[in-house]
Amino acid sequence: MPNKNLSFSLIENKTSSDNSVTYESLKEKVDKQSNYLSQNDFDDVNMDDYIAAEIDYNENNTKKQIDLIADYYEIVKRKKKKGELIEEVVIFEKDPENYDITQRRKTLWFYMEEINNDSFLSKFLILE
């Protein structure tokens, strides 16, 4: 016996042409909603992202690892403490012009970790 607890109906809503959806009306609604986001909101998000990246590097990397990253990006590291170097690395990585090199570095670092964690291949990769 079929279950009759579920039912539905479709009712065509006949409206006047004044309520029709057009490209212009949709664009106007989107523009109104996007006006709620001010430039300050975007700045806050960027600053939060920047601070999160700094904390991540500070907590999960040693000074020696940060030095290697700075070397890869050709960032001068002379007489800089870990925090200062992390700041420069994050500034470099957050610059949209450096997106490709940043992604390449992250990919290569991931590959190095995977090879280092492999019981067979780790014999052939000497890091540090």
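Is Y111 buried, partly exposed or exposed, and what is its relative accessible area? Please go through the aromatic side chains around it too.

Reply: Keep in mind that this is a predicted model. Y111 comes out as partly exposed, with a relative accessible area of 46%.

Now for the rings. The structure has 5 aromatic pairs. One of them joins F110 and Y111, whose ring centres are 6.1 Å apart. Their planes make an angle of 55 degrees, and the pair counts as tilted. The reason is that tilted takes in whatever falls between the stacked limit of 30 degrees and the edge-to-face limit of 60, so 55 degrees lands there.

Next along is W109, which belongs to an aromatic cluster with Y72, Y73 and F92.

As for the setting, the chain has 5 helices and 0 strands, so from the N terminus the elements read α-α-α-α-α. Out of 128 residues, 16% are counted as buried. The accessible surface of the chain is about 11400 Å², and carbon and sulfur atoms account for 53% of that. On the contact side, take residues at least 6 apart in sequence: 43% of their contacts link residues at least 24 apart.

Methods
Residues numbered from 1 in each chain as written. Predicted model: local features only at pLDDT ≥ 70, side-chain atom pairs only at ≥ 80, totals over all residues. Heavy atoms only, no water. Phe/Tyr/Trp six-rings, centres within 6.5 Å; stacked < 30°, edge-to-face > 60°. Buried < 20%, exposed > 50% of the residue type's maximum accessible area, 1.4 Å probe, protein only. Helix = DSSP H or I, 4+ residues; strand = E, 2+ residues; numbered from the N terminus. Contact = heavy atoms within 4.5 Å. Areas by Shrake-Rupley, 256 points an atom, 1.4 Å probe, with all protein chains shown as cover.
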